[in-house]
Amino acid sequence: MENELIVNVYKFMGNDLLTGRTSDDGSPSAESLRKHVLDNWDKYERISISLDNIMQMTRPFLDEAFAKLLEDHTLDEFNQKIYLPDAKENIVKDLNNAFKIRQKIIQSQKAREEEIGRASCRERV
């Protein structure tokens, strides 16, 4: 396993105002950034996400790029793997809010799946 991957978000995205989730034209997007992190998750001990030169990230971008990582990894795993060396206070606050919302979505999905499982068990009886 390699020691560290450094992802410069400004260079990766080619923009300092980051909005939306996906790209219709194949250009870098929040989704492609998340997939890049996931593709490298097991290859590196730490993934440093540089936000230098980033002016703004919208809530949908933060959710897609970072909070959706919680669908594959726990918050503790995220905190152990991902390092944000130059994140400004407002970005950390927005990111924490995105994590809280995504965790509620994940919990709701699990509860819904459990209810569907219980309902299908009752139908078989």
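Me: In this predicted model, what does it take for two strands to pair, and over how many bridges do strand 3 and strand 5 pair?
Reply: Two strands count as paired if DSSP finds at least two bridges between them. Strand 5 covers residues 82-83, and Ile82 in strand 5 is the bridge partner of Ile47. Strand 3 and strand 5 pair in the parallel sense, and the number of bridges is two.

Me: Which strand pairs with strand 3 over six bridges, and which residue of strand 3 does Ile6 stand opposite?
Reply: The strand that pairs with strand 3 in the parallel sense over six bridges is strand 1, residues 2-8. Leu5 stands opposite Ile47 in strand 3, while the residue of strand 3 that stands opposite Ile6 is Ser48.

Me: In what order do the three strands of the open sheet stand, and why is one side of strand 1 and of strand 5 left without a neighbour in the sheet?
Reply: The three strands form an open sheet with parallel pairing, in the order 1-3-5. One side of each of the two strands lacks a neighbour in the sheet because each has a single partner strand, and the strands standing at the edges are strand 1 and strand 5.

Me: Is strand 3 largely enclosed or largely open, and how many of its seven residues are buried?
Reply: Strand 3 spans residues 44-50, and it is largely enclosed by the rest of the structure because the number of its seven residues that are buried is five.

Me: How many residues has the largest nonpolar core, and which element gives the most to this core?
Reply: The largest nonpolar core has 29 residues, and those with the most contacts inside it include Val9 and Ile47. Among the elements that give two or more residues to this core are strand 1, strand 3 and helix 2. The element that gives the most to this core, with five residues, is helix 5.

Key
Residues numbered from 1 in each chain as written. Predicted model: local features only at pLDDT ≥ 70, side-chain atom pairs only at ≥ 80, totals over all residues. Heavy atoms only, no water. Buried < 20%, exposed > 50% of the residue type's maximum accessible area, 1.4 Å probe, protein only. Helix = DSSP H or I, 4+ residues; strand = E, 2+ residues; numbered from the N terminus. Core = buried A, V, L, I, M, F, W, Y, C linked by side-chain atoms within 4.5 Å.
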